[in-house]
Amino acid sequence: MFNTKDKLINRVFEIFGEICSIPHGSGDMEKIADYCVAFAKKNSLEYFRDTANNVIIYKNATKDYENSEPIILQGHLDMVCQKVSDSDFDFLTDSLNTFIDGDLLGAKDTTLGADNGIAVAFVLAILESDSVPHPYIEAVFTTDEEIGMLGAAQLDLKLLKSKKMINLDSEEDDTLTVSCAGGMDFKIEIPFEKVLSEGTEINIFFSGLKGGHSGVEIDKNRVNADILAGKLLNHLKNTTDFELINIGGGDKGNAIPNRSEISLCTKKASELINICNSFLLDIKNDIKDNEPDFAFDIKKGEKATHSVICETAKNDIIFLLNNFPNGVTQMSKEIEGLVETSLNLGILLTDKECISVLFTLRSNKKTGMTALADKLTALCSRIGCTYETGGYYPPWEFNNNSVLQKVYCKVFEEYYGKKPKVEAIHAGLECAVFADKIAGLDCVSMGPNLYDVHTPNERLSISSATNTFNLLLEILKACK
């Protein structure tokens with residue numbers, strides 16, 4: 001251990017405080033990039049800044065590490081800007097109002113931005129210090145990670161010579177992340193014509209479902225409100241007569257919809273309502289253990305002439321909701337308990353001319369995502385629809401021969417007296433972008449304990465940040 005560590009961790013928090021005083025929400029990267037450049041100049045360090053405001057700062061190896069392999073230390077500069085509803089805080093101009101509550105550091109009424117500002121502070125403190133043994137460092141600070149890893153995607157990685165990288169964007173200090181999912185969007189549009197139909201309008205609402213993140217919670221058996229709407233429509237199609245006016249639910253591709261709404265027109269209102277009640281009560285009973293707060297509401301409107309979706313499009317959306325895959329499609333054979341491939345129907349929307357459906361696909365293997373997209377493409381050929389893909393980012397595949405994994409686990413066990421958890425996640429990290437562009441990259445991800453990130457309740461554990469920083473110093477020392 002180094003006798004400079006207490007001084008260094010104090011400097012880490014000083015730097016983090018400086019970062020908190022600079023507006024740096026996603027899309028507002030100019031000032032925080034200026035700060036990093038000024039930091040490099042002050043410490044006489046070579047640097048590079050690109051048009052996306054990504055910043056790379058280089059530092060020569062310390063004595064006895066001149067012949068060691070260089071290493072990338074990486075974090076992102078942007079933060080998610082969220083505040084409580086009655087706050088007048090302006091993320092474009094105001095400094096975060098930080099506070100300490102016991103072991104936790106937070107910001108009053110807003111997100112703290114420790115995701116990923118604490119990583120930036122870690123690395124800058126190391127770059128500034130003259131007492132930390134380390135190989136040649138390429139410190140990479142990317143922009144707009146929170147809105148699609150946009151900075152990392154634009155960065156010219158030919159500016160880097162290292163084949164080893166430590167990403168500092170994980171949120172549990174006892175866990176080493178070694179793989180993450182890639183992703184893509186698959187958008188389907190079912191065009192329709194409107195026709196007039198006389199009958200009673202029936203509106204059906206689903207609420208109270210848990211929803212959740214389509215990566216982290218996709219294997220938790222959470223009910224997708226849009227898929228449930230499709231099951232109800234399919235049951236009604238087989239038991240009574242109705243026309244479809246509108247269907248919709250969900251507003252984010254990466255979130256499991258917890259609410260949905262259906263509007264129908266029928267000449268058999270009482271029969272349809274009775275069938276709906278019976279079917280949904282059975283569903284409610286079936287899912288009560290996992291979805292105890294599920295609720296439905298059926299409202300009967302007036303008898304009138306309604307503009308409804310044509311029969312072909314109605315049948316197409318019912319087919320889609322009942323036959324297209326959704327949820328986990330493949331578990332990993334290499335890492336126990338890891339969801340390898342999945343998809344989530346996140347947005348279902350009826351507009352003037354079409355019903356649109358957005359699936360978010362994830363896989364920790366390129367072949368898994370390709371196979372899933374091919375399957376959706378084949379199914380789309382069975383119905384009258386169009387489709388397009390976008391938003392692709394690659395997976396970071398597990399490396400069973402990683403030297404960095406072995407170094408981390410050895411140092412962790414020496415530092416904590418126990419073995420770390422070694423896990424893959426079914427969500428995205430910038431490691432995937434770097435691994436896709438740098439052939440043979442050996443990469444790991446680590447970080448301190450963070451709680452309620454992306455919310456005004458975001459908190460950073462001070463003791464965990466201290467231990468994680470000290471652990472990072474020991475890992476650098478071991479990379480000789």
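User: What volume does the second largest cavity have, and on what kind of model does that value rest?

Analyst: The second largest cavity holds about 40 Å³ of space, a cavity being a set of points on a 1 Å grid over the protein atoms alone where a 1.4 Å probe fits but cannot get out, and a volume being the space filled by probe spheres set on points joined across faces, edges and corners. This is a predicted model in which local features need pLDDT of at least 70 and side-chain atom pairs count only at pLDDT 80 or more, while totals for chains, interfaces and linings use all residues. Residues are numbered from 1 along each chain as its sequence is written, and side-chain values use heavy atoms, with hydrogens and water left out. The volume asked for is about 40 Å³, in a predicted model.

User: Which residues line the second largest cavity, and how do they divide by class?

Analyst: Lining residues have an atom within 4 Å of a point, and for the second largest cavity they are C20, I22, P23, H24, G25, M79, F91, D94 and L96. Ala, Val, Leu, Ile, Met, Phe, Trp, Tyr, Cys and Pro count as nonpolar, Asp, Glu, Lys and Arg as charged, and the others, Gly among them, as polar. The lining of the second largest cavity therefore divides into six nonpolar, two polar and one charged.

User: How many charged residues are in the lining of the largest cavity?

Analyst: The largest cavity, with a volume of about 50 Å³, is lined by S179, S332, E334, I335, L338, E340, N364, K365, E397 and F398. By class, this lining has three nonpolar and three polar residues, and the number of charged residues is four.

User: Are α5 and α7 parallel or oblique to each other?

Analyst: The axes of α5 and α7, which are lines fitted to C-alpha atoms over the stretch in contact, come within 8 Å and cross at roughly 125°. Angles under 35 degrees count as roughly parallel, over 145 as roughly antiparallel, 65 to 115 as roughly perpendicular and the rest as oblique. The two helices, α5 and α7, are therefore oblique.

Technical notes. Axes are lines fitted to C-alpha atoms, for helices over the stretch in contact, and angles run from 0 to 180 degrees between N-to-C directions. Helices (H or I, at least four residues) and strands (E, at least two) are DSSP runs, numbered from the N terminus. On a 1 Å grid over the protein atoms alone, a cavity is a set of points where a 1.4 Å probe fits but cannot get out, and a pocket is an open set with protein on both sides within 12 Å along at least five of seven lines; lining residues have an atom within 4 Å of a point.
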